[in-house]
Amino acid sequence: MRKSCVERIARYAGRPGERYVWAGCAAAATGFALVSDLTPHRMWGWSAGAGYALAALLAWGSAPRRAARAVAVAGAALLPLVGLVVAGAGQSEVAVIERSGQVLAATGSPYVTAPGSVTDFNPYLPGMAVFGVLPGDPRWWLGGVFVATLAAARPRRVGALLACPLVALPFAVGGVDLPVAGLMCLGLALAGRGRAGGAGLALGAAAALKWTAWPALPVALALLAVREGGRSALRCAAVGLGTATAVVLPAVLTGPAGFFRNVVAFPLGLTATASPAGSPLPGHLLASYVPGGRVIALALLAVGALLIGVSLAVRPPGTLRAAVGRLALGLGLATALMPATRFGYLVYPLLLAALAYEPAHRGPAARDRTVERTPA
């Protein structure tokens with residue numbers, strides 16, 4: 001059985017291999033703390049580095065593997081989260097969510113109609129503002145939704161994923177992609193189990209948070225159509241689109257201009273204010289250094305999306321592993337080609353790849369679904 005993240009690397013070397021994985025994570029986190037110019041990232045790096053180092057020492061000795069992994073989760077995810085919340089420090093996304101919740105409560109829309117500076121923009125879909133309306137720091141709710149949905153999708157690997165640096169960092173500092181990715185994983189897992197309504201509800205909720213969740217819906221529909229038939233796919237589509245529309249449409253109708261400027265124009269780099277999302281990936285490099293590069297990057301992004309769409313129509317996935325693999329490929333290409341992008345978006349293909357290697361669901365609804373079928 002394949003395993004995810006840290007476990008998959010250590011699988012081939014047993015306990016000695018795991019100790020080196022933790023030691024490598026400790027070195028990477030400490031190095032990150034030394035080079036980062038962001039205080040929340042530095043705080044995470046020192047805490048995570050200590051947690052991984054202690055996990056390596058435990059793995060080196062005779063302590064159970066679970067003890068080492070628990071220490072890694074505590075040092076890399078839980079303790080820095082608590083410390084950053086108490087200190088009132090976090091990524092800029094936390095402030096965006098808090099402000100969007102305040103604007104939503106005051107005006108009925110989470111968007112400023114005429115944003116003038118980068119701090120005025122809210123590039124997320126309306127559902128994200130709910131985390132800013134709820135009491136307390138939004139990170140408690142973001143992390144809670146992520147853990148709950150991931151546990152429902154693949155309960156055997158939550159601890160290992162929380163210990164992974166690519167997950168632990170956004171969990172602590174306030175990355176908004178984790179609950180979106182968790183809901184996507186849950187929706188696809190439910191689609192793989194033949195639960196069309198539940199899949200539509202989870203994917204619709206994810207689609208109400210961020211645009212990055214929308215590609216998961218056609219993938220889930222293709223999977224359901226192959227395994228369960230057209231009616232199940234239509235049920236999933238109706239529930240998913242209905243859920244997303246119920247959340248997004250009121251904000252669009254309340255302030256269409258503000259919605260367009262914040263959620264469409266700003267992420268695509270079509271506003272006078274540039275998005276701070278600028279990791280040196282191909283799309284960003286094209287947009288920054290090549291004449292007409294933004295148009296080229298967007299054209300390549302559209303071509304990639306079209307090819308993935310054609311592949312779903314020509315050869316739809318018949319297994320959960322095939323479905324999440326297709327989606328991980330598409331989101332990986334999108335992360336690389338978007339003009340405004342972050343390395344943190346790689347958490348999507350990471351979590352989807354982990355879901356692909358979860359043991360297949362067994363039960364009354366799982367009748368002979370291990371063989372991929374070709375639709376009639």
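At a relative accessibility of 1%, Ala 129 counts as buried in this predicted model, the cut-off for burial being under 20% relative accessible area. Ala 129 is placed in the loop that runs between H5 and helix H6 (130–133). When residues up to four places away in sequence are not counted, Ala 129 touches Ser 100, Gly 101, Leu 104 and Pro 110. The C-alpha atoms of Ala 129 and Ile 97 are 5.7 Å apart in space, although 32 residues separate the two in sequence.

Gln 91 lies between helix H4 (65–87) and helix H5 (92–107). Because its relative accessible area is 19% and burial requires a value under 20%, Gln 91 is classed as buried. Its contacts, leaving aside neighbours within four places in sequence, are with Pro 40, His 41, Val 173, Gly 174 and Gly 175. Between Gln 91 and His 41, which are 50 residues apart along the chain, the C-alpha separation is 8.4 Å.

The overall architecture is considered next. The secondary structure of the protein consists of 18 helices and 0 strands. Of the 376 residues, 48% are buried. Among contacts with a separation of 6 or more, 74% are between residues 24 or more positions apart.

The largest nonpolar core comprises 83 residues, and those with the most contacts inside it are Trp 22, Trp 44, Tyr 52, Met 128, Val 167, Met 184 and Leu 351. Helix H10 (residues 177–192) supplies the largest share of this core, with 11 residues. Apart from this core lies another, of 6 residues, including Tyr 111, Val 248, Ala 251 and Val 263. Within the largest core, Met 128 is one of the residues with the most contacts. Met 128 touches Ile 97, Leu 142, Val 176, Val 180, Ala 208 and Leu 209, residues up to four places away in sequence not being counted.

Two packed helices are described by the angle between their axes and the distance between the axes. Helix H3 (residues 39–60) packs with helix H9 (residues 165–173) at an angle of about 130 degrees, the axes lying 10 Å apart. H3 is therefore oblique to H9. The crossing by which H3 passes H9 is right-handed. On the H3 side, Pro 40, His 41, Trp 44 and Tyr 52 take part, and they meet Pro 165, Ala 168, Leu 169, Ala 172 and Val 173 of H9. This contact contains 8 nonpolar residues and 1 polar residue, with no charged residues. Trp 44 and Tyr 52 of H3 are also among the residues with the most contacts inside the largest nonpolar core.

The second pair is formed by helix H17 (residues 320–337) and H18, which pack at an angle of about 170 degrees with their axes 9 Å apart. H17 is therefore roughly antiparallel to H18. H17 passes H18 in a left-handed crossing. Arg 321, Val 324, Leu 327, Ala 328 and Leu 331 of H17 meet Tyr 348, Pro 349, Leu 352, Leu 355 and Ala 356 of H18. The contact of H17 with H18 divides by class into 9 nonpolar residues, no polar residues and 1 charged residue.

Helix H18 (residues 347–356) is itself mostly covered, with 9 of its 10 residues buried. The buried positions in H18 are Val 347, Tyr 348, Pro 349, Leu 350, Leu 351, Leu 352, Ala 354, Leu 355 and Ala 356.

Conventions: Residues are numbered from 1 along each chain as its sequence is written. This is a predicted model: local features need pLDDT of at least 70, side-chain atom pairs count only at pLDDT 80 or more; totals for chains, interfaces and linings use all residues. Side-chain values use heavy atoms; hydrogens and water are left out. Axes are lines fitted to C-alpha atoms, for helices over the stretch in contact, and angles run from 0 to 180 degrees between N-to-C directions. Helices (H or I, at least four residues) and strands (E, at least two) are DSSP runs, numbered from the N terminus. Angles under 35 degrees count as roughly parallel, over 145 as roughly antiparallel, 65 to 115 as roughly perpendicular and the rest as oblique. A crossing is left-handed if the near helix is turned anticlockwise from the far one by less than a right angle, and right-handed if clockwise. Contact means heavy atoms within 4.5 Å. Ala, Val, Leu, Ile, Met, Phe, Trp, Tyr, Cys and Pro count as nonpolar, Asp, Glu, Lys and Arg as charged, and the others, Gly among them, as polar. A nonpolar core is a set of buried Ala, Val, Leu, Ile, Met, Phe, Trp, Tyr and Cys residues joined through side-chain atoms within 4.5 Å. Buried means under 20% relative accessible area, exposed over 50%, partly exposed in between (1.4 Å probe, protein chains only).
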